[in-house]
Amino acid sequence: MLYIREQAQEAIRTNLLKDQDQRICNPGTAALALTVGAIARSDALGHHQQNIGPRLTDAFVGVPANAPAPFTRIGPGLSSGTKNFAIKPDIVAYGGNWAIQTVVGGNPSWKPFVFLGEPTIQKEQNGRFMTARSGTSFACPHVAHACAIASASLEATLGYKPSANLIRALVGSATIPPLCPPGWLDDEKETLRLVGYGMCSVDDLRWSKKNRVRLIAMDELELDKLHIYRIAIPEIFIATKGKRGITVALAYDPPVRSSRKEYLANTMWVEALQGLTDEEVQLYKAKFTGEDAPKPPSGSEIKELQPPKTNLQWSTLQVRRRTWSRKKFRVPNGETEPVIHFVVGCQQRFPTEFDYKQRYGLVVLFWHESEEIELYQALRNRVTLKAARVRVGV
């Protein structure tokens, strides 16, 4: 069957989703690992034809720029039952691209042309020490670099070494869905399978900016209990025109047993509630029994915080987002400004021989597109600092 380029690329996307050989395998399925997939940096095959190698009139690029690479592996990850899948890969990075080439009289075949790959060093060949390669192995170093930057940034802020959970949460909070062409990442469920939470912006890990502020917590929680973080929202965040949003990232490290029907000993979740007094949230907390998370009070949950927490509860890294241009936050009774409560819950799935509290890292990002907004100072004045870290009304 003959395809034009766009049809072939659409077939590749369909194959990624359907072909069982494209599934993530060990050790990428590990619950506590940060699993990395690959996306293509470039699809500029024709741009280089005049300068590198022969004219490739019989070849075309496998996927468009910023789309999942033809050789990447996708999720879902390990599951409990038929519906409770983990998000895998967690994150993606540039790993190169392949092209399809047809030789006269032969069948089309994949070719990893050097100018579609990621730059790397090599043993000297013809006086050259630089080359390019493609593969998920070349995507992983990008994420390892991001984790190293996150670790150094957190240590400078906290004054002590951060946990692996907090590092994962910070990296997760800096992810954005790649800018693929229409039709590639339009469906949320398929997007999570293909690219997880997206690719990480290293520049966003170094420090808060006046219009992009992160609040962090590194804590531990008793099983079947809740932690509640209270943040008063400054008027400047609500009133200033332009797009704005919230990203919540939670990472934790439960015991795991691959021999059991349920893989994770504990699951965690996080949700955002607005318009409630501290007392009303405490009543909500009092109803928590360790079974399935209770429904929040009517009208309090921030709508369209995506993905839904029920879709992420089997993932040890959870990233949820909400973006809007205009939104009214309710002011709780007796308060003078809106308040958001971030509720973190932990549910034990099966008992273990360990007597412990569940460790976790939490990062909440407030951002506004206006570079003139002084959001950093406004939020800083509304939180309580303890032990050199941001802690908000636990």
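**Entry 1: Gln274**

I started with Gln274, which is buried at a relative accessible area of 5%. Buried here means under 20% relative accessible area, exposed means over 50%, and partly exposed is in between, with a 1.4 Å probe and protein chains only. The model is predicted, so I kept its limits in mind: local features need pLDDT of at least 70, side-chain atom pairs count only at pLDDT 80 or more, and totals for chains, interfaces and linings use all residues. Residues are numbered from 1 along each chain as its sequence is written, and side-chain values use heavy atoms, with hydrogens and water left out.

Gln274 belongs to strand β15, residues 266-274. Strands are DSSP runs of E with at least two residues; helices are runs of H or I with at least four; both are numbered from the N terminus. I then looked at the side chain of Gln274: one of its polar atoms lies 3.1 Å from the backbone nitrogen of Arg330.

**Entry 2: the whole chain**

I counted seven helices and 20 strands in the protein chain. The chain has 394 residues, and 51% of them count as buried. I looked up contacts (heavy atoms within 4.5 Å). Among those with a separation of 6 or more, 77% join residues 24 or more positions apart. The chain exposes about 19700 Å², and carbon and sulfur atoms supply 51% of that. The areas come from the Shrake-Rupley method with a 1.4 Å probe; for residues, only the protein chains shown count as cover.

**Entry 3: aromatic rings**

I searched the whole structure and got seven aromatic pairs. Rings of Phe, Tyr and Trp (its six-membered ring) pair if their centres lie within 6.5 Å; planes under 30 degrees apart are stacked, over 60 edge-to-face, the rest tilted.

One of the pairs is Trp98 with Trp110, tilted, at 5.8 Å centre to centre and 50° between the planes. Trp98 sits in the loop between β5 (91-94) and β6 (99-101) and Trp110 in strand β7 (residues 109-111), so the pair ties together parts twelve residues apart in sequence. Trp98 is partly exposed at 24% relative accessibility. Trp110 is partly exposed too, with a relative accessible area of 37%.

I next checked Phe237 and Trp324, an edge-to-face pair at 6.2 Å centre to centre and 85° between the planes. Phe237 is in helix α5 (residues 235-239) and Trp324 in strand β16 (residues 317-324), so this pair ties together parts 87 residues apart in sequence. Both residues are buried. Phe237 and Trp324 form one aromatic cluster with Phe329, Phe342 and Phe366.

Methods:
A polar contact is a pair of N or O atoms within 3.5 Å; within protein, one must be able to donate a hydrogen and the other to accept it, and residues adjacent in sequence count only if both atoms are side-chain atoms.
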